[in-house]
Amino acid sequence: AVFAPLSQLGIIILDEEQEGSYKSESAPRYHARDIAKYRCSRHQAVLVLGSATPSVESMYFAKNHVYRLFQLTRRYQDRALPQVRITDMKEELRGGNGGAISRLLREKIAETIQRREQVILFLNRRGANRMVLCTQCGEAPECPRCSVKLTYHSANGRLMCHYCGFTRPLPERCPECGGPLTFVGVGIQRVQEELEECFPDTQVLRMDADSVSASHTHEQILTQFERQNIPILIGTQMVAKGLDFANVTLVGVIDADLSLFVDDFRASERTFSLLTQVVGRAGRGERKGLAVLQTYSPKNDIITCAAKQDYDSFYEQEIEQRRLRRFPPFRDLYVLHITGPQESGVLESCIRLRGGFSAWQTSPSMADAPFEVMGPAAASVVKVMNRYRYTLTLSGKDCRKLREMIGYVIAQAKGDKRNRGISITVDCNPMDSF
């Protein structure tokens, strides 16, 4: 829509402007927010960026008077924010509860069902268990095409790779030593099973990529949840934002740490935004809401700020971290993705690329566009679909001269016969880890 050919453009409104899905994942890797800014500048139009949890970059520009800041200080119809309770899952383990649902959350679910109100539970992990492990030799089945453990799906009794789609039946014993297998980590299917065991007479709806299909759309699931007053809806990120059900008075986050400790400098921002948004699904009607955050890190600043809905404290901590690490908005990051069928060939290509960039660092023509080179570094998942993946990162201020230099080095690399079979792409300020 941001490219709509309007001749008299007056305003563009970008809601949930912090969302990573506004960044294109394929070439050209544009950000819809940047396109909107450019078009509004050309047409002398107004751009409105709306969010309950603005991106750190946008808030930085607002606080430095590049943008104008308007704040809504009260909830719609002056309704109170949900009360938030944090549950320490380490204490649950010490108390003998090894399940996915804490005693507090189980108790609150029972009370909510008794009042004929509704519950939304959030866990951003598909499948039943994160992986299957042999109790004797410690082996875990891996995807033959990707460097990840296979996830167990109890609905069809199969192991699945969420990167390439490879599946295989769950073996009865360990293929390596014949030892017994155990399940590690909890997925959304396992939580559904646990709920059905705890509340056998209560209907539970699940909404994730495995339950949504062309004949069973997420709109149908949400309509059924609302019109039939289904007591419990459990889902992945699909249930975290945008839902407005007056009868939902309890929200539970099964694993609040899930996106916090990942290899991405935006992990804290993404976790705070996600938790704040999902907590906001409770108490949107006349009845007051409650949210329960289950975590193994109850004193983590991101968790406590999200529980208090305290964006300002989160921002002050996060912007200082960005300043110290010289990350956006203080610098721009150009991340080069280098992939190929042989790991040694990919690494050699990375080293040659780094040498090409290093030569430009001392060039007088780049004196007014300084930059740093970091890497090569393995991607968070180093092999996907039998292709090895490494990254090089350039840190500097986005400008035409820097872009032209990067384009020149990449063009030279693509013309080098030693890089045959190697793919090189570049992304400025990517929103997701590679």
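In this predicted model, Val46 is partly exposed, with a relative accessible area of 46%. Val46 belongs to strand β2, and together with Ile11, Ile13 and Val48 it makes a nonpolar surface patch of about 350 Å². Two strands, β1 (11–15) and β2 (46–50), each give two or more residues to this patch.

Charged side chains come next. Side chains of opposite charge can pair when their charged atoms come close. The count of salt bridges comes to 24. One of them joins Glu92 and Arg103, at 3.3 Å from N to O. This pair links distant parts of the chain, with Glu92 in helix α3 (residues 89–94) and Arg103 in helix α4 (residues 103–114), 11 residues apart. Glu92 counts as buried because its relative accessible area, 7%, is under 20%, whereas Arg103 is partly exposed at 41%.

Arg190 is partly exposed at 25% relative accessibility, and Glu193 is partly exposed at 28%. Arg403 and Asp398 also form a salt bridge, at 2.9 Å from N to O. Elsewhere, salt bridges that share partners join Glu57, Arg266, Glu269, Glu318 and Arg322 into one network.

The axes of α10 (residues 343–361) and α11 (residues 400–414) come within 10 Å and cross at roughly 140°. This crossing is right-handed. Its contact is made by Leu353, Gly356, Phe357 and Trp360 of α10, and by Met405, Ile406, Tyr408, Val409 and Ala413 of α11.

Technical notes
Residues numbered from 1 in each chain as written. Predicted model: local features only at pLDDT ≥ 70, side-chain atom pairs only at ≥ 80, totals over all residues. Heavy atoms only, no water. Patch = residues over 30% accessible without salt bridge, like charges linked within 9 Å, V, L, I, M, F, W, Y side chains within 5 Å. Areas by Shrake-Rupley, 256 points an atom, 1.4 Å probe, with all protein chains shown as cover. Salt bridge = Lys/Arg side-chain N within 4 Å of Asp/Glu carboxyl O. Helix = DSSP H or I, 4+ residues; strand = E, 2+ residues; numbered from the N terminus. Buried < 20%, exposed > 50% of the residue type's maximum accessible area, 1.4 Å probe, protein only. Axes fitted to C-alpha atoms, helices over the stretch in contact; angles between N-to-C directions. Left-handed = near helix turned anticlockwise from the far one by under 90°. Contact = heavy atoms within 4.5 Å.
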